[in-house]
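Let's walk through a protein fold together, from the overall layout down to a single side chain. Have a look at the chain first.

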Amino acid sequence: MAALEVCRHLGGRPAGTDPEPLSDDGCAQCRLIGAGWNSLRLCVSCGNIGCCDDSPHRHSREHFAITGHPVIRSHEPGEDWLWCYPDDTGSADSWPG
Ligand SMILES: [Zn+2]
Ligand SMILES: [Zn+2]
Ligand SMILES: [Zn+2]
């Protein structure tokens, strides 16, 4: 048995099965307060778009804290890796950094 399996949240989520992004216009919560962000993340449970942990307000993580939706996918061009907040682990061929 593989000891290093990705967590139970990350299995069976190929790119193309995600919900439609709720925003085409970046992080809506940052826009509300006039803040900027670094990178964007898509919630694969509901399509919420939020800013990443490198952004000042970390709205994707806040979305997880509020809703319990565990997994995001990078919403940056050319990136399709996943990240699981509760397990603090990711699944990626093109892992950033
Ligand atoms: Zn997980
Ligand atoms: Zn934000
Ligand atoms: Zn969500």
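## Ground rules

This is a predicted model, where local features need pLDDT of at least 70, side-chain atom pairs count only at pLDDT 80 or more, and totals for chains, interfaces and linings use all residues. Residues are numbered from 1 along each chain as its sequence is written, while chains are lettered from A and ligands numbered from 1 in the order in which they are written.

## Overall layout

The protein chain has two helices and five strands, running α-β-β-α-β-β-β along the sequence. Helices (H or I, at least four residues) and strands (E, at least two) are DSSP runs, numbered from the N terminus.

Of its 97 residues, 27% are buried, meaning that 20 or more other C-beta atoms, placed from the backbone, lie within 10 Å of the residue's own.

## The core

A nonpolar core here is a set of buried Ala, Val, Leu, Ile, Met, Phe, Trp, Tyr and Cys residues joined through C-beta atoms within 7 Å. The largest one has 14 residues, with C27, L40 and V71 among those making the most contacts inside it. β1 (40-43), β2 (49-51), β3 (71-74) and β4 (82-84) each supply at least two residues of this core, and β1 gives the largest share, three.

W37 sits in the loop between α1 (28-33) and β1. Why does W37 count as buried? Because it has 22 C-beta neighbours inside 10 Å.

Leaving out residues up to four places away in sequence, W37 touches G26, C27, C30, C51 and S55 (contact: C-beta atoms, placed from the backbone, within 7 Å).

Technical notes. Buried ≥ 20, exposed ≤ 12 C-beta atoms within 10 Å, placed from the backbone. Contact = placed C-beta atoms within 7 Å.
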